[in-house]
Amino acid sequence: MEQVSAGTLKRAGKVIAVHVAYRSRAEQRGNVPALPSYFLKASSSLSLSGSDVERPDGCELLAYEGEIALIIGTAAHRVAPANAWAHVEHVTASNDLGVYDLKYADKGSNVRSKSGDGFTPIGPGLIPARTVDPSRLRLRTWVNGRLVQSDNSAGLIFPFSQIVADLSQLMTLHPGDIILTGTPAGSSVAGPGDVLEIEVDCVSARMSSGRLRTTVTQGKVPFASYGNAPRTTDADREAAWGSVEAAGLAPKGLNTELRRKLTSVGTATLSAQLRQRGLNNVSIDGLQSTRPEIRIAGIARTLRFVPNREDLFISHGGGYNAQKRIINTLNDGDVLVMEARGDPGAGTIGDVLALRAQVNGAAAIVTDGGVRDIAAVAALEMPTFYTGAHPAVLGRRHIPWDTDITISCGGATVQPGDIIVGDADGLVVIPPSFAEDVADAAIAQEHEEVFIAEMVTQGHSVEGLFPLDAHWRARFSEWAKSHPNPAALP
């Protein structure tokens with residue numbers, strides 16, 4: 001197999017990278033793009049397998065991103081997706097390295113944060129594109145021998161052919177140009193001494209790039225005062241490491257103003273706004289509330305139960321188990337969400353642990369299993385959402401297994417840090433990145449619906465009124481001048 005050489009690097013007139021292309025990465029970040037977007041990396045950032053990469057002095061967040069690199073073989077200009085793959089000559093492994101400490105200075109361009117010397121190693125082997133199925137390529141990343149990323153090209157939101165065709169609409173892709181096609185979930189931070197390895201292979205064709213190996217070293221030359229110096233925020237740390245927990249940061253709570261906004265509107269309205277943004281599967285179904293008159297909003301903490309197996313219950317079910325541990329660490333405004341597989345055949349929470357959750361400041365408990373001691377639990381000020389009452393202890397059906405992981409509850413996926421909003425209509429799961437926008441839009445929607453209800457009460461037909469057409473929207477604008485939206489006020 002042909003190897004990546006210094007000549008390969010010299011041929012690269014352009015290095016183009018896709019921002020977000022894998023579904024796993026998009027879902028991790030809470031926002032799935034509708035179309036691809038790109039940035040450029042300097043060709044001088046290219047390096048060969050076995051090279052070192054320097055974490056610049058003063059920087060803490062050198063992030064690795066294992067990616068599949070496409071190397072253009074024949075010029076592509078305004079090619080159709082159906083013909084785009086024919087312009088790709090080789091496939092290989094790449095590492096889209098960058099320092100988050102300088103992203104603020106780039107103002108979106110990624111020029112300095114992504115284009116340092118050695119920040120784009122590729123290789124070592126070149127897989128002929130004609131020999132593989134582009135939808136069946138596997139990508140894996142190891143840090144110090146530990147597998148940290150594993151995905152395949154079937155997990156792409158945008159197939160390679162779409163990326164090549166899209167880029168060729170405005171710029172000619174020349175032979176030797178390199179396209180980095182995005183990284184899956186699992187990207188994180190590397191430090192001095194870490195060894196990064198990335199491999200692309202096609203199992204069915206028995207073809208592999210071999211492992212691209214890069215060692216991280218520590219830079220010793222500080223940045224001069226005539227340019228932007230490294231600067232890092234907790235938001236940068238969370239983005240670079242991949243999560244609040246991985247970054248070692250305290251979990252973020254729900255600020256008072258956002259909680260006020262979310263609890264000022266109904267979950268039906270929030271659900272409608274989430275649907276407009278493409279999120280249809282965010283309701284936790286089949287549960288009832290002990291306090292349906294109370295609206296709640298809080299940050300998800302998660303607990304997973306597995307089906308009872310007697311030998312495993314001995315090791316995980318008794319004593320200071322996972323359920324007791326997470327309840328003991330709940331903070332003000334947290335919502336404990338429990339996965340019980342929709343099995344109501346035993347209690348998943350009782351009066352004492354529910355009381356402990358309330359004392360710790362929890363906003364609510366949510367379980368798709370049963371609740372015991374229901375009268376005492378229902379008497380608490382804190383709502384509990386549940387499938388039904390049951391007298392048996394959880395050991396009849398469940399083992400508390402692990403905490404603060406992605407779970408399924410009532411048919412919805414819930415991740416730690418998601419925002420849970422509940423009322424008499426039910427529960428919705430809001431990805432944090434959507435929350436402010438959804439809350440503001442829901443408040444505006446309910447203000448319109450107050451006007452619509454008033455007009456219907458006066459005898460007007462709903463035609464053109466619900467939803468508002470141009471005529472009725474003009475009427476609403478006039479009405480709103482004398483009827484300010486109280487929920488929109490801080």
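Trainee: What percentage of the residues of the protein chain count as buried?
Mentor: This is a predicted model, so please read everything I say as computed from it. Of the 490 residues in the protein chain, 49% count as buried.
Trainee: And how many helices and strands does the chain have?
Mentor: The secondary structure comes to 15 helices and 29 strands, and the C-alpha atoms fill a box of roughly 75 × 70 × 50 Å when it is taken along the principal axes.
Trainee: What share of the contacts join residues at least 24 apart?
Mentor: If you take the contacts between residues at least 6 apart in sequence, 77% of them join residues at least 24 apart.
Trainee: What about the surface, how much of the accessible area belongs to carbon and sulfur atoms?
Mentor: The accessible surface of the chain comes to about 21900 Å², and carbon and sulfur atoms account for 53% of that.
Trainee: Switching to pockets, what volume does the largest one have?
Mentor: The largest pocket has a volume of about 1500 Å³, and its lining is made up of 49 residues, with Glu27, Gln28, Gln415, Asp418 and Pro432 lying nearest the centre.
Trainee: Which elements give two or more residues to that lining?
Mentor: Those are helix H2 (23–29), helix H7 (234–241), strand E19 (296–307) and helix H14 (432–457), and the largest share, 7 residues, comes from H2.
Trainee: How does the lining of the largest pocket split by class?
Mentor: By class, that lining has 21 nonpolar, 16 polar and 12 charged residues.
Trainee: How much space lies in the second largest pocket, and which residues line it?
Mentor: About 270 Å³ of space lies in the second largest pocket, which is lined by Glu54, Pro56, Asp57, Val99, Leu102, Arg112, Gly116, Asp117, Phe119, Val221 and Phe223. That lining divides into 6 nonpolar, 1 polar and 4 charged residues.
Trainee: Now cysteines: how many disulfides does the structure hold?
Mentor: The structure holds 0 disulfides.
Trainee: Is Cys59 buried or exposed?
Mentor: Cys59 counts as buried, because its relative accessibility is 5% and the cut-off for buried is under 20%.
Trainee: And Cys409, buried or exposed?
Mentor: Cys409 has a relative accessible area of 0%, so this cysteine is buried as well.

Notes:
Residues are numbered from 1 along each chain as its sequence is written. This is a predicted model: local features need pLDDT of at least 70, side-chain atom pairs count only at pLDDT 80 or more; totals for chains, interfaces and linings use all residues. Side-chain values use heavy atoms; hydrogens and water are left out. A disulfide is a pair of cysteine sulfur atoms within 2.5 Å. Buried means under 20% relative accessible area, exposed over 50%, partly exposed in between (1.4 Å probe, protein chains only). On a 1 Å grid over the protein atoms alone, a cavity is a set of points where a 1.4 Å probe fits but cannot get out, and a pocket is an open set with protein on both sides within 12 Å along at least five of seven lines; lining residues have an atom within 4 Å of a point. Grid points are joined across faces, edges and corners, and a volume is the space filled by probe spheres set on the points. Helices (H or I, at least four residues) and strands (E, at least two) are DSSP runs, numbered from the N terminus. Ala, Val, Leu, Ile, Met, Phe, Trp, Tyr, Cys and Pro count as nonpolar, Asp, Glu, Lys and Arg as charged, and the others, Gly among them, as polar. Contact means heavy atoms within 4.5 Å. Accessible areas come from the Shrake-Rupley method with a 1.4 Å probe; for residues, only the protein chains shown count as cover.
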